[in-house]
Amino acid sequence: GEQVEQRPPHLSVPEGDSAVIICTYTDSATAYFYWYKQEPGAGLQLLMSVFSNVDRKEEQGLTVLLNKKDKQLSLNLTAAHPGDSAVYFCAVSAVTGNYKYVFGAGTRLKVIA
Amino acid sequence: DMKVTQMPRYLIKRMGENVLLECGQDMSHETMYWYRQDPGLGLQLIYISYDVDSNSEGDIPKGYRVSRKKREHFSLILDSAKTNQTSVYFCASSSLPGKEVFFGKGTRLTVV
């Protein structure tokens with residue numbers, strides 16, 4: 001079945017710098033791609049969703065890139081600020097089978113003021 | 001206001017007791033999920049429900065059962081809780097399987 005590898009597990013960046021998180025998936029039938037943010041003691045907040053016909057999506061300081069050839073999904077936080085400190089998860093799902101969501105293991109981002 | 005609501009937020013139970021975790025959503029979503037989150041293991045799917053009385057096992061269903069009698073409500077039941085079921089449990093919903101999933105705030109369950 002689908003497997004998702006997320007890296008890095010931990011990331012520290014100075015305020016104002018960019019932070020990049022990458023997920024690699026295995027199933028070429030994967031069609032839906034998501035990024036979530038989890039703050040301490042909270043649930044997962046959906047940040048962005050991307051369908052497989054989109055290579056790049058930008059929203060509010062976030063850029064998602066989808067490289068279907070390499071089966072790679074990335075999240076770029078431009079000009080990170082301390083409020084971005086959280087755990088970030090990617091998730092993917094296919095259009096066939098049981099459409100099961102598969103999550104990455106998460107990246108703990110710390111933005112240092 | 002689109003919301004997934006979980007009750008209770010915190011729960012302490014003794015080993016062998018029964019546990020009921022409740023979840024509601026106000027988006028008329030067909031699909032609902034129960035996950036548990038443990039340090040180093042990420043999110044693991046316990047059960048998925050495609051609609052009322054249409055439930056399927058996820059990756060780690062052992063020791064759990066679910067009930068969905070109304071579309072907006074999905075319960076997770078632990079019969080005779082075990083200490084290794086100490087975890088944070090998240091309920092979630094989506095309009096259809098595979099589409100955007102919306103999460104509740106979680107229930108932190110401690111089994112002592």
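This is a predicted model: local features need pLDDT of at least 70, side-chain atom pairs count only at pLDDT 80 or more; totals for chains, interfaces and linings use all residues.

Guide: Residues are numbered from 1 along each chain as its sequence is written, chains are lettered from A and ligands numbered from 1 in the order in which they are written, and side-chain values use heavy atoms, leaving out hydrogens and water.

Visitor: Why is V20(A) called partly exposed?

Guide: The relative accessible area of V20(A) is 39%. Buried means under 20%, exposed means over 50%, and partly exposed lies in between (1.4 Å probe, protein chains only). So V20(A) counts as partly exposed.

Visitor: What makes T83(B) partly exposed?

Guide: T83(B) has 44% relative accessibility, so that label applies to T83(B) too. T83(B) sits in the loop between β8 (73–78) and β9 (87–94) of chain B.

Visitor: Where is V20(A) placed?

Guide: V20(A) lies in strand β3 (residues 19–25) of chain A. Strands are DSSP runs of E, at least two residues, numbered from the N terminus.

Visitor: Which residues does V20(A) touch, not counting those up to four places away in sequence?

Guide: They are P8(A), L11(A), L75(A) and N76(A). Contact means heavy atoms within 4.5 Å.

Visitor: Which residues does T83(B) touch, with the sequence neighbours up to four places away not counted?

Guide: M15(B), V111(B) and V112(B).

Visitor: How many residues does each chain bring to the contact between chain A and chain B?

Guide: Chain A brings 17 residues and chain B brings 17 residues. The area buried between them is about 1400 Å², with carbon and sulfur atoms giving 59%. Buried area here is the accessible area (1.4 Å probe) that two parts lose on being put together, summed over both.

Visitor: How many salt bridges link chain A and chain B?

Guide: The count is zero. A salt bridge needs a side-chain nitrogen of Lys or Arg within 4 Å of a carboxyl oxygen of Asp or Glu.

Visitor: Which strand of chain A gives the most to the side that touches chain B?

Guide: β4(A), with four residues.

Visitor: Which residues touch the most other members of the largest nonpolar core?

Guide: W35(A), L73(A), L75(A), Y88(A) and L109(A), in a core of 26 residues. Such a core is a set of buried Ala, Val, Leu, Ile, Met, Phe, Trp, Tyr and Cys residues joined through side-chain atoms within 4.5 Å.
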